[in-house]
Amino acid sequence: IRANYHQDPSTLHVGCEAPRAYFIPYHSEEAALKGERTESAYYRDMCGEWDFKYFSSIQNIYDFRGKKFTTEGFDKIDVPRCWQTYTERDYDKPQYTNFNYPFPVDPPHVPDDIPCGLYVRDFEFTREEILDKDLYINFEGVDSCFYMWINDDIALYSQAAHTTTEMRINDYLLPGKNRFKVLVLKWGACSYLEDQDKWRMSGIFRDVYVLVREKKHIVDYSVKAEPD
């Protein structure tokens, strides 16, 4: 995976599952009818408090991989939440525009100085889960594009901010603690198509979770109706 996909409008997803119908599997019919996805035995919530470092430009990012990396001096950020809503912090500010691009227009090129945020958090997985299950991480919304590393291996890239990004992560996991790092960019090549009448907000703004699936499971479904 290259680290410059955000400059390429022809690349929407790298390392991700194909788009599918949204659904949450449940461990029983009763749980499914109740419809509380956080109570599903197959749903693992990854929302909450993450370590966070804001960079005013992607050019200011240092090498955050390797054993010497530490989150000392990082802030805490809630997921889901846009970093511009922390108005008391010295981050980027909320911006509203309804017809002008808020960056230099030179499609498909994006600026060199792209504000970005690095999210870091550790999660535990068992050997049995890694070997016997299929584990899929789901990002329901990240604006505008992002890269993800698991245990310092780059795993995915996605630049479809308002759609779900899903990836099978078994091959990147180790039994015990696993470190997830998500670098979110404010602008990308996708920003030309996603320009609209809205507040400019950035970050992991929708839920993040892992689905723990059996090796044999329903991946997708469709409903076809014929008019009479």
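Predicted model: local features only at pLDDT ≥ 70, side-chain atom pairs only at ≥ 80, totals over all residues.
Biologist: What is the strand order in the open sheet of seven strands?

Modeller: The order is E1-E10-E9-E12-E6-E3-E4, and the pairing is antiparallel. Strand E1 (13-14) and strand E4 (75-79) are the edge strands, each pairing on one side only.

Biologist: How many bridges are there between E6 and E12?

Modeller: Ten bridges pair strand E6 (residues 116-125) with strand E12 (residues 176-185) in the antiparallel sense. Phe 123 stands opposite Asn 178 in E12.

Biologist: Turning to E15, why is it described as largely enclosed?

Modeller: Strand E15 spans residues 208-214, and six of its seven residues are buried, so the rest of the structure largely encloses it.

Biologist: How many salt bridges does the structure hold?

Modeller: There are 17 salt bridges. One of them is between the side chains of Arg 44 and Glu 129, at 2.3 Å from N to O. Arg 44 lies in strand E2 and Glu 129 in helix H2 (residues 127-132), so the pair ties together parts that are 85 residues apart in sequence.

Biologist: Is Glu 129 buried or exposed?

Modeller: Glu 129 is buried, at 15% relative accessible area, whereas Arg 44 is partly exposed at 24%.

Biologist: Which residues are linked with Lys 215 in a network of salt bridges?

Modeller: Asp 134, Arg 168 and Asp 171 are linked with Lys 215 in that network. The closest N and O atoms of Lys 215 and Asp 134 are 3.1 Å apart.

How values were computed: Residues numbered from 1 in each chain as written. Heavy atoms only, no water. Pairing = 2+ DSSP bridges. Helix = DSSP H or I, 4+ residues; strand = E, 2+ residues; numbered from the N terminus. Buried < 20%, exposed > 50% of the residue type's maximum accessible area, 1.4 Å probe, protein only. Salt bridge = Lys/Arg side-chain N within 4 Å of Asp/Glu carboxyl O.
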